[in-house]
Each structure stands twice: as C-alpha cells, then as structure tokens.
Amino acid sequence: MAALLYPIHFSDFDGLVLWACGGDGEFKRDGQLKCGVTRLTTIQKIQLPVIPTERRVKFAILCAKKVCADARWNAWADRWLSGEDRSREAAESAWVAAESAMNRETEAAAEAALAAISKREIRSARAAWSAVRLNGLGLDLIAIAEEACK
C-alpha cells in the first residue's frame, strides 16, 4: 500500500524509506492504511518496490469502479482494463464525463481517468484516496492492489 499511495504524502521520492519492523504492546489500527504499536523495533530497510504506471492506473480504475456508477465512465474503464481501448482520446472522454457529473461519486473516476491520461503516480493515488473517502472502510484496498498487480 505504501508503494501505491506514497505520492499522496511525499513529493520527494528520494527521501522515502520503508522499514520492516517488529512490534508489541498495544496494537491500534485506523482502517487499512494506518496502524501502530506501543513498542516498535526497526529490523531492516526495504527497497521501495517499483510498480509500473500501467498497474498504478489499473489500481486507480479498480478503486474508482467500486464507487462510481456512471455508465459511460464504467464502459471506458472496462475497455481500458481489458486492453481494448487505452487511447488518450478515450481517457479524455471518460474524464470529461466524470468531471461533468461533478459529484463525489465521480471524483475518483475523474482522477482515475486523469491517471490514464497523464500517467502520473499522484493521480492514481488520488483516485484510490477519493474512493476510500467515499466508501469509508468498506473498500478493500489490499484486495484491489493484489488484483491490480496480477
């Protein structure tokens, strides 16, 4: 999750460090994205996995599909996911459709379409975050990430 969503929190990739840790004591969780313990020991640095842009866009689209019911946008998303149409023009049309609806439901859809257009990591992460904000804790980001990285 950190490798997929870090662009939301970090603008400087060079400063990003991941750690394998061990913890004990009281364990607390805030959804799927945050957890903590009262005692933590760092074990080793972990190299940030390289996730290809295509997988990041797939993750964004899969997250948005969980919360967006717009038929035109979903038709584009299905064509993108199947590989049938990944053209910039189709993605731009999907983005315009989502933006013109201008509601919370299509915020994630618009970001996912922009991720397909711009191929920027921040757009993919924002799409996922928009879907989480809309759906709350009911969105299984881990399962969606696993599907996106197949």
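Helices (at least four residues) and strands (at least two) are DSSP runs, numbered from the N terminus. By that numbering, Ala94 lies in helix H4, which covers residues 88-101. The model described here is predicted. The protein has 150 residues, and 35% of them count as buried. Its elements are 7 helices and 2 strands.

**Overall make-up**

- Along the sequence, the elements come in the pattern α-β-β-α-α-α-α-α-α.
- The accessible surface of the protein is about 8,800 Å². Carbon and sulfur atoms account for 51% of that surface.
- Some contacts in the protein join residues at least 6 apart in sequence, and 58% of these join residues at least 24 apart.

**Confidence of the prediction**

- The mean pLDDT of the protein is 79. A score of at least 70 is reached by 79% of the residues.
- Helix H3, residues 71-82, has the highest mean pLDDT among the elements, at 90.
- Helix H6, residues 121-135, has the lowest, at 68.

**Packing of H2 and H3**

- Two packed helices are described by the angle between their axes and the distance between the axes.
- For helix H2 (residues 53-65) and helix H3, the angle is about 145 degrees and the axes are 11 Å apart.
- The crossing of these two helices, H2 and H3, is left-handed.
- On the H2 side, the residues that meet H3 are Glu54, Val57, Lys58, Ile61, Leu62, Ala64 and Lys65.
- On the H3 side, the residues are Trp73, Asn74, Trp76, Ala77, Asp78, Trp80 and Leu81.
- By class, the residues of this contact of H2 with H3 divide into 9 nonpolar, 4 charged and 1 polar.

**Ala77 in helix H3**

- Ala77 belongs to helix H3 and is one of the residues that meet H2.
- Its relative accessible area is 0%, so Ala77 counts as buried, the cut-off being under 20%.
- Apart from its neighbours within four places in sequence, Ala77 is in contact with Ile61 and Lys65. Both of these partners are among the H2 residues that meet H3.
- Ala77 and Ala113 are 36 residues apart along the chain, while their C-alpha atoms are separated by 8.2 Å.

- Not counting residues up to four places away in sequence, Ala94 touches Trp73, Trp76 and Ala113. Of these, Trp73 and Trp76 are among the H3 residues that meet H2.
- Between the C-alpha atoms of Ala94 and Ala75 the separation is 8.9 Å, and the two residues are 19 residues apart along the chain.

**Glu111 in helix H5**

- Glu111 is found in helix H5, which spans residues 104-118.
- Glu111 is charged by residue class, and it is buried, with a relative accessible area of 14%.
- From Glu111 to Trp95 the C-alpha to C-alpha distance is 7.7 Å, across 16 residues in sequence.

**Leu139 in a loop**

- Leu139 sits in the loop between H6 and helix H7, the latter being residues 141-148.
- Leu139 counts as buried because its relative accessibility is 4%.
- Leu139 and Lys66 are 73 residues apart along the chain, and their C-alpha atoms are separated by 7.6 Å.

Key. Residues are numbered from 1 along each chain as its sequence is written. This is a predicted model: local features need pLDDT of at least 70, side-chain atom pairs count only at pLDDT 80 or more; totals for chains, interfaces and linings use all residues. Side-chain values use heavy atoms; hydrogens and water are left out. pLDDT is the predictor's confidence in each residue, from 0 to 100. Axes are lines fitted to C-alpha atoms, for helices over the stretch in contact, and angles run from 0 to 180 degrees between N-to-C directions. A crossing is left-handed if the near helix is turned anticlockwise from the far one by less than a right angle, and right-handed if clockwise. Contact means heavy atoms within 4.5 Å. Buried means under 20% relative accessible area, exposed over 50%, partly exposed in between (1.4 Å probe, protein chains only). Accessible areas come from the Shrake-Rupley method with a 1.4 Å probe; for residues, only the protein chains shown count as cover.
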